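Biologist: I'm new to this one. Can you take me through it, a piece at a time?

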Amino acid sequence: MPEAPKTSLKPSDYNLAEKNKRSLQFIEDVTSNADEVQKKVLEEILSRNAHVEYLQRHGLDGQTDRETFKKVMPVITYEDVQPEIDRIANGDTSQILCSKPISEFLTSSGTSGGERKLMPTIEEELGRRSLLYSLLMPVMTQFVPDLEKGKGMYFLFIKSEAKTPGGLLARPVLTSYYKSTHFKNRPYDPYTNYTSPNETILCPDSYQSMYSQMLCGLCQHKEVLRVGAVFASGFIRAIRFLEKHWKLLANDIRTGMIDPQITDPSVREAVMKILESDPKLADFIEAECSKESWQGIITSNQLPLVCTMYASSECYFGVNLNPICKPSEVSYTLIPTMAYFEFLPVHRNNGAINSVSMPKSLNEKEQQKLVDLVDVKLDQEYELVVTTYAGLYRYRVGDVLRVAGFKNKAPQFSFICRKNVVLSIDSDKTDEVELQNAVKNAVNHLIPFDATVAEYTSYADTTTIPGHYVLFWELSLNGSTPIPPSVFEDCCLTIEESLNSVYRQGRASDKSIGPLEIKIVEQGTFDKLMDYAISLGASINQYKTPRCVKFAPIVELLSSRVVTCYFSPKCPKVGPWDTSNGARIEGSGSSLRPLSLLSIAVFKAISRNPAHLSLMRLAVLKRQTTQTRDEESPIFGIKHTNFYYS
């Protein structure tokens with residue numbers, strides 16, 4: 001297989017141009033020989049794991065060829081392999097799934113489908129993750145030069161970890177990576193030169209971590225060339241944190257002393273190496289943050305927003321090779337060395353994903369439909385299936401991807417949605433892509449009132465007869481004109497008319513679905529929702545606003561903050577000619593899978609003048625989201641204050 005690029009350990013020996021060249025050549029090599037690389041990856045996985053219990057049980061008998069593998073090994077879901085995972089978690093150290101010791105479990109996002117799954121991993125997987133990270137900036141430098149001349153202000157966090165009954169760590173993939181020597185003792189690289197010291201990132205207290213990272217970023221504002229977070233929800237949280245705590249931060253900068261609420265000794269020591277008294281900067285922060293308008297966060301215009309990579313707890317997948325393309329054109333090139341990839345064709349009925357129950361095993365005929373990486377077809381949608389080095393074999397990830405193009409012989413995929421994250425009352429099946437597109441259409445009614453939807457989620461209310469869809473909306477109101485109730489009723493109807501024909505038939509003809517309801521909630525409701533999720537163990541890095549909720553306490557939390565309710569005033573139109581209504585967003589691949597790491601909003605700050613403080617004069621903020629694995633991935637635009645979804 002093509003050799004992975006190496007990184008120099010010594011700054012004096014560091015040749016950035018040569019490193020970038022090697023990284024780009026690696027991408028060129030593995031994509032030009034994608035099928036050969038995939039064949040070798042599968043052979044390597046199967047040969048090293050030939051004697052593990054799981055493969056022997058299914059009768060692979062040491063065979064490493066694709067044909068035998070596909071013939072005897074079933075396509076599985078988490079439920080199928082959970083007994084083996086539970087045995088490992090409970091302390092069974094025999095070779096159950098993998099010949100190498102399971103080093104820890106990576107927990108799925110707390111907001112993914114409502115349960116945390118344990119994904120086995122092995123020590124060497126850290127090297128593969130590091131490899132994928134190392135490809136990101138060499139790709140970026142082809143489009144945005146000189147990023148090595150400054151620092152990145154990224155808000156990165158860990159969460160507390162647990163141990164299984166057998167003593168293995170169970171933690172989010174980001175926490176695993178940030179606590180590893182691959183991150184803590186990372187070799188010299190100007191692209192991983194961050195404003196946040198490791199100690200601030202590794203602080204388990206979320207307040208102290210956010211405060212210290214924000215403080216260090218402000219102190220080094222002249223060096224900041226790019227800003228971002230793993231997901232934009234973390235970036236938005238940072239902005240809101242600044243809104244609440246700028247007085248304390250400015251005081252620290254004025255006095256050169258860190259606030260006493262920051263009690264972690266290692267954090268205080270690290271920050272004090274950066275913090276110096278700067279009354280002029282403190283004055284500027286106070287002047288800017290005390291202004292009535294808090295619009296935006298980057299003062300320079302036309303800054304590129306970048307979704308860099310696609311990854312998950314199960315496996316890291318690929319990179320965006322055209323990072324400054326339009327959001328609707330984002331696609332990810334799967335790197336063939338990461339795992340062995342297969343693809344199950346997905347077909348839509350009436351604009352919705354044809355729902356195949358995730359716990360159900362595929363029958364023999366369905367399994368035969370899976371195709372290899374190089375055999376996918378342009379514009380076809382597939383569910384991703386992976387075989388990993390850590391012991392997952394033909395595992396259905398649950399992501400639906402669309403083939404957007406090819407890099408040499410390797411396909412490039414747009415992320416469409418997380419399969420089976422849907423609303424359903426009767427025979428209707430509404431996926432998140434449809435829902436987001438419907439909300440986008442409805443929000444147009446709010447534009448004349450200078451209002452939009454800051455956050456939303458939904459649930460299927462089956463307590464009424466018939467059941468009906470409910471959407472919780474938190475509004476961003478910039479105008480002074482009150483919004484009449486009829487406008488929200490029009491929003492309800494627009495959403496219904498944007499959904500697929502099965503839904504509309506259930507509403508208008510079968511009467512099996514009740515009128516759609518929009519509930520307007522108080523400002524700050526979705527902050528409360530995030531705080532609640534984090535209190536239950538969700539990772540601040542992995543949290544995304546769920547676009548559909550089922551957990552009763554969450555529904556109760558949202559319902560307790562409802563201000564007003566509106567229903568659709570009439571049934572949506574339905575006709576024999578009406579099949580899909582265009583509810584699907586074409587090419588909507590501008591988002592990353594929620595567990596994809598470093599989906600960083602990367603910016604190059606044009607001015608380093610304190611008067612154009614990169615992270616202070618909130619002159620620019622627009623958050624626009626398309627679909628992701630769990631629900632969302634935002635896009636920051638320029639000179640907008642509205643939050644809305646597309």
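Biologist: How many bridges join strand E10 to E14, and which way do they run?
Modeller: Seven bridges join E10, residues 340-346, to E14, and the two run antiparallel. This is a predicted model, where local features need pLDDT of at least 70 and side-chain atom pairs count only at pLDDT 80 or more, while totals for chains, interfaces and linings use all residues. Residues are numbered from 1 along each chain as its sequence is written, and side-chain values use heavy atoms, with hydrogens and water left out.

Biologist: Which residues stand opposite each other there?
Modeller: Pro345 is opposite Tyr382 in E14, and Phe341 is opposite Val386 in E14. Strands here are DSSP runs (E, at least two residues), and helices are too (H or I, at least four), both numbered from the N terminus.

Biologist: What about E10 and E13?
Modeller: Two bridges join them, again antiparallel. Phe343 has Val371 as its bridge partner in E13. Two strands count as paired if DSSP finds at least two bridges between them.

Biologist: What is the order of the strands in the sheet?
Modeller: The order is E7-E8-E9-E16-E15-E14-E10-E13, an open sheet of eight strands with antiparallel pairing. Strand E7 (309-311) and strand E13 (371-372) stand at the edges with a single partner strand each, so one side of each has no neighbour in the sheet.

Biologist: Is E10 mostly covered or uncovered?
Modeller: Mostly covered, as six of its seven residues are buried. Buried means under 20% relative accessible area, exposed means over 50%, and partly exposed is in between (1.4 Å probe, protein chains only).

Biologist: Changing topic. Which residue other than glycine has a positive phi near 55°?
Modeller: Asp61 has one. Asp61 lies in the loop between helix H3 (53-57) and helix H4 (66-72). Its relative accessibility is 64%, so Asp61 counts as exposed.
Modeller: Arg394 also has a positive phi, of about 55°, and is not a glycine. Arg394 is in the loop between strand E14 (381-387) and strand E15 (395-407).

Biologist: And is Arg394 buried or exposed?
Modeller: Arg394 counts as buried, because its relative accessibility is 1%.

Biologist: How much of the contact total comes from residues 24 or more positions apart?
Modeller: They account for 74% of the contacts with a separation of 6 or more in the protein chain. Contact means heavy atoms within 4.5 Å.
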